[in-house]
Amino acid sequence: MNKNNYCLLNFGDSQGEILDYIFYDDNNYIKYENDNNIGWKSGWSTRSFLDSNLINEIIKNVNFYKIYYNKIYIFLSFGCTDIEWNLGFKRLKQKNIDTGILINEMITALSNLIDNLNSLDNVVIIPIFAYFPLPLEKNYLEKYNKKHNLEPYYDLPDIQERTFLWKKFKNIITNKYKSIDLEKYYTEKGVEYFMREYEDHHPDFIKLQLYLCKELEQYDFDIKPTLTKLYPHTRRIRK
């Protein structure tokens with residue numbers, strides 16, 4: 001790859017933070033600190049892309065970088081927020097949620113985003129499914145919300161439901177678009193291997209980054225991660 005000829009853009013919920021780790025020292029990776037329009041955002045719902053105005057905002061941001069680079073790689077990490085957070089919240093108001101409708105909306109929304117981005121020249125779209133549902137205490141959100149001064153409190157869906165819905169969503173996307181899916185490594189190593197030493201819905205990015213780098217080789221990336229310890233996670237609010 002010509003290092004001066006391309007840039008890397010990352011959009012997604014906080015599970016996309018793993019890309020901050022593997023591209024930590026890469027000057028071609030556009031960092032959130034340098035452009036708040038780029039990067040993962042806390043609680044970014046996949047279904048937000050049912051709004052065409054938001055898709056147009058993403059395209060506008062991509063077109064800005066097309067002025068300066070001949071090729072752009074766009075990483076998309078979406079889905080966790082809708083299943084782990086939004087579903088429980090929706091059940092506060094309506095107990096019997098049709099999860100089939102939820103998943104279909106997620107698929108439609110992400111497909112809309114990918115299809116619109118694919119209409120641009122010299123752009124490579126890479127949906128990434130590095131996350132996998134982790135075992136968490138039922139009151140995990142209660143503890144998490146207190147820590148981050150968030151409300152209201154609601155229960156997480158159980159691990160069986162979260163896993164079923166996650167697989168249903170991502171498998172349809174991966175069958176439709178060329179993607180990176182790390183589920184096989186969770187299966188081979190065991191989900192517990194990728195959990196942090198403390199309870200967290202994010203996997204251990206240090207352990208996981210090696211496998212994502214391996215999968216990125218199919219896009220001609222040769223990445224050697226430099227970070228060896230997790231740094232404190234800081235929430236980002238999408239404006």
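A: Phe64, Ile67 and Tyr68 together form a nonpolar surface patch of about 360 Å². Patches consist of residues with over 30% relative accessible area and no salt bridge, where like charges are joined within 9 Å and nonpolar side chains (Val, Leu, Ile, Met, Phe, Trp, Tyr) within 5 Å; a salt bridge is a side-chain nitrogen of Lys or Arg within 4 Å of a carboxyl oxygen of Asp or Glu. Accessible areas come from the Shrake-Rupley method with a 1.4 Å probe, and for residues only the protein chains shown count as cover. The model is predicted: local features need pLDDT of at least 70, side-chain atom pairs count only at pLDDT 80 or more, and totals for chains, interfaces and linings use all residues. Residues are numbered from 1 along each chain as its sequence is written, and side-chain values use heavy atoms, with hydrogens and water left out.

Tyrosine 68 lies in the loop between α2 (52-66) and β3 (71-77); helices (H or I, at least four residues) and strands (E, at least two) are DSSP runs numbered from the N terminus. Tyrosine 68 counts as exposed because its relative accessibility is 54%, the classes being buried under 20% relative accessible area, exposed over 50% and partly exposed in between (1.4 Å probe, protein chains only).

β3 runs parallel to β1, joined by seven bridges, and parallel to β4 (residues 123-129), joined by five; two strands pair if DSSP finds at least two bridges between them. Isoleucine 72 of β3 is the bridge partner of cysteine 7 and also of valine 123 in β4, while isoleucine 74 is partnered with isoleucine 125 in β4.

In β4, seven of seven residues are buried. Val123, Ile125, Pro127 and Phe129 point one way from this strand, and Val124, Ile126 and Ile128 the other way. Two bridges join β4 to the parallel strand β5 (residues 180-181), where isoleucine 180 stands opposite isoleucine 128.

Asparagine 10 belongs to β1 (residues 6-12) and is buried, with a relative accessible area of 0%. A polar atom of the asparagine 10 side chain lies 3.1 Å from the backbone oxygen of glycine 16. Beyond residues up to four places away in sequence, asparagine 10 touches several residues, including Leu19, Tyr29, Trp40 and Phe75, contact meaning heavy atoms within 4.5 Å.

Methods
A polar contact is a pair of N or O atoms within 3.5 Å; within protein, one must be able to donate a hydrogen and the other to accept it, and residues adjacent in sequence count only if both atoms are side-chain atoms.
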